[in-house]
Amino acid sequence: MNYKMMSRLIALILTMEAGFMLPALLLCVYDRDQAAVYAFFYAICITLLAAAVLLLASRGAKPGFYAREGLVCVGLGWISISLAGSLPFWFSGVFSSYIDALFEIVSGFTTTGASVLSAVEGLPRGILYWRSFSHWVGGMGVLVFLLAVVPVSGRNDGFTMHLLRAESPGPNVGKLVPRMRRTAGILYLIYILLTILNVVFLLAGRMPVFDAVCTAFGTAGTGGFGVRNDSIAGYSIYIQNVCTVFMLLFGVNFSCYYLLLMRQVRSVLRDEELRLYLGIAAGSVLLITLNLRGMYPTMGETVRHAAFQVSSIMTTTGFATTDFDQWPVFSKAILLTLMVIGASAGSTGGGLKCGRVLLLLKVMGRNVRQLLHPRKIQVIRNNGQAVDEKLLANTNAYLSAYVMIILASFILISLDGFSLTTNFSAVLACFNNIGPGLELVGPTSNYGAFSAFSKLVLIVDMLAGRLEIFPILVLFSAGTWKGR
């Protein structure tokens with residue numbers, strides 16, 4: 001294990017995080033909120049001090065960075081930024097419990113949007129900005145950003161590949177261009193441009209500048225933290241429709257946008273995952289609309305709410321325009337299913353991912369065909385190309401870990417004694433990085449009623465879900481820390 005190189009990377013991450021806190025600090029200074037100013041100042045100082053200690057410990061770091069180091073570094077990096085990022089919440093007095101502050105920032109960085117706050121409109125703007133910005137930086141990935149802007153690896157492209165694959169969501173991470181660092185830069189450039197475009201459209205609907213920026217951060221990162229107690233419900237129909245469209249856009253594999261920039265439109269149109277993603281979204285909107293007939297005054301309003309919530313839940317954003325916990329059971333069942341399916345691989349969304357669902361469906365189909373024709377060789381293809389059997393095995397392993405962690409978490413948080421629906425939807429919502437669940441954790445409620453132990457379980461779920469499980473499991477494996 002190259003501990004010194006990992007220490008250097010985590011130090012760079014913490015230094016970068018301290019820089020990310022500066023805009024929130026300046027906003028607090030502008031608003032003359034003394035308590036928040038001191039909170040961010042102390043948090044920045046402590047974060048930089050920790051980074052300095054790690055940099056000193058990393059002196060003389062030698063090259064040599066492998067897949068194991070990549071997984072460990074990503075896991076420890078995300079834990080480190082969460083511990084440091086929670087400090088402004090705690091120091092400002094917004095949260096009396098550090099566990100609550102940690103829950104909130106982990107929910108932010110993992111783009112979950114689950115909150116323990118019952119009201120947000122009275123909070124300092126610097127705190128609200130930091131909550132929302134955590135979505136944006138966590139959406140594409142903290143280490144992806146680091147790789148895009150900081151030359152941490154020299155000419156060792158395998159170094160960046162291990163980090164990018166460990167942090168990026170989806171069953172397969174490939175290169176858009178030969179150099180992985182340039183790939184990270186292209187991804188973030190597309191991400192930034194789409195975020196700016198989102199802000200422009202929101203401002204066109206006369207949304208206040210602060211609200212537009214924070215909402216765009218939440219939409220881009222598919223997070224869901226809002227600056228109003230009613231989420232998006234209090235804004236105009238135009239703004240709600242803009243959010244619906246952009247949530248869907250950020251749930252698309254970013255490789256598709258790169259192909260569009262390269263004018264490879266046919267490749268995008270033939271993309272099987274994109275077609276599955278859009279097909280599931282459209283079908284869900286249609287079914288929920290039919291199920292909600294008569295619940296809202298007009299069919300137009302019914303379609304609008306159905307489309308918004310399908311977009312919000314499938315992309316794991318978590319914004320809301322209505323209390324969908326009051327919807328019929330059939331509609332809520334569809335939303336729970338969308339929580340599991342999630343968005344596309346290579347997007348900022350969470351969930352199992354449409355790419356994995358597609359592969360699992362093809363594996364199931366092949367198994368049926370092999371029963372009928374046992375001597376025939378069955379090759380699974382995706383977008384016309386044969387899928388590596390190792391990738392299929394990894395997909396099956398991911399599904400197994402996914403189910404086991406959800407079941408274990410469900411049992412553990414059930415110690416609090418809440419209903420099965422509350423507990424199960426809470427685990428699904430946190431593990432799939434969605435935010436709102438049903439009943440006590442519905443769109444008009446929060447996670448404040450859970451015990452400190454349950455919150456810790458859900459914190460691990462949020463991190464495991466965002467990092468695709470294995471970087472977190474590796475940290476708890478004894479074999480990780482033995483030998484080279």
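I take helices (H or I, at least four residues) and strands (E, at least two) as DSSP runs, numbered from the N terminus. This is a predicted model, in which local features need pLDDT of at least 70, side-chain atom pairs count only at pLDDT 80 or more, and totals for chains, interfaces and linings use all residues. Residues are numbered from 1 along each chain as its sequence is written, and side-chain values use heavy atoms, with hydrogens and water left out.

**Entry 1: helix H19**

I started just after H19, where Asn433 takes a positive phi of about 60°. Then I checked the length of the helix. H19 covers residues 420-431, and its twelve residues should span 16 Å at 1.5 Å a residue. The expected span is 1.5 Å times one less than the number of residues. The end C-alpha atoms of H19 are 16 Å apart, so the model agrees.

Next I looked at cover. Buried means under 20% relative accessible area, exposed means over 50%, and partly exposed lies in between (1.4 Å probe, protein chains only). Nine of the twelve residues of H19 are buried, so I noted the helix as mostly covered. Among them are Thr422, Asn423, Val427, Leu428 and Phe431. What do the buried residues of H19 pack against? I found helix H16 (329-341), helix H18 (389-413) and helix H20 (452-466). Contact here means heavy atoms within 4.5 Å.

**Entry 2: helix H20**

H20 is mostly covered, with eleven of its 15 residues buried. The buried set includes Lys455, Asp461 and Arg466, and also Val457, Leu458 and Ile459. Just after H20, Glu468 takes a positive phi of about 60°.

**Entry 3: salt bridges**

Side chains of opposite charge can pair when their charged atoms come close. I call a pair a salt bridge when a side-chain nitrogen of Lys or Arg is within 4 Å of a carboxyl oxygen of Asp or Glu. How many salt bridges does this rule give? The count comes to eight.

I looked at Lys455 and Asp100. Their side chains meet in a salt bridge at 2.6 Å, N to O. The pair links distant parts of the chain: Lys455 sits in H20 and Asp100 in helix H5 (residues 98-109), 355 residues apart. Are these two buried or exposed? Lys455 is buried, with a relative accessible area of 6%. Asp100 also counts as buried, at 16%.

Glu272 and Lys362 form another salt bridge, with the closest N and O atoms 2.6 Å apart. This pair also links distant parts of the chain, from Glu272 in helix H14 (residues 272-291) to Lys362 in helix H17 (residues 354-372), 90 residues apart. Lys362 has 19% relative accessibility, so I count this residue as buried.

Lys353 and Glu468 meet at 3.3 Å, N to O. Lys353 lies in the loop between H16 and H17, and Glu468 lies in the loop between H20 and helix H21 (470-475), so the pair ties together parts that are 115 residues apart in sequence. Both residues are buried. Salt bridges that share partners join Lys353, Arg356 and Glu468 into one network.

**Entry 4: the H16 to H17 loop**

I stayed in this loop for Gly346. Gly346 is partly exposed, with a relative accessible area of 26%. Its C-alpha atom is separated by 9.6 Å from that of Leu187, 159 residues apart along the chain.

**Entry 5: nonpolar cores**

A nonpolar core is a set of buried Ala, Val, Leu, Ile, Met, Phe, Trp, Tyr and Cys residues joined through side-chain atoms within 4.5 Å. Which residues have the most contacts inside the largest core? I found Trp78, Trp130, Phe254 and Tyr447, in a core of 139 residues. Helix H1 (residues 3-30) gives the most to this core, with 14 residues. Apart from it lies another core of six residues, among them Leu359, Val363, Ile380 and Leu391.

**Entry 6: a nonpolar surface patch**

Patches use residues with over 30% relative accessible area and no salt bridge; like charges are joined within 9 Å, and nonpolar side chains (Val, Leu, Ile, Met, Phe, Trp, Tyr) within 5 Å. Accessible areas come from the Shrake-Rupley method with a 1.4 Å probe, and for residues only the protein chains shown count as cover.

I found Tyr38, Phe41, Tyr42, Ile46, Trp90 and Phe91 in a nonpolar patch on the surface, with about 600 Å² of accessible area together. Helix H2 (34-57) and helix H4 (87-91) each supply at least two residues of the patch. The largest share, four residues, comes from H2. Tyr42 lies in H2 and is partly exposed, at 44% relative accessible area.
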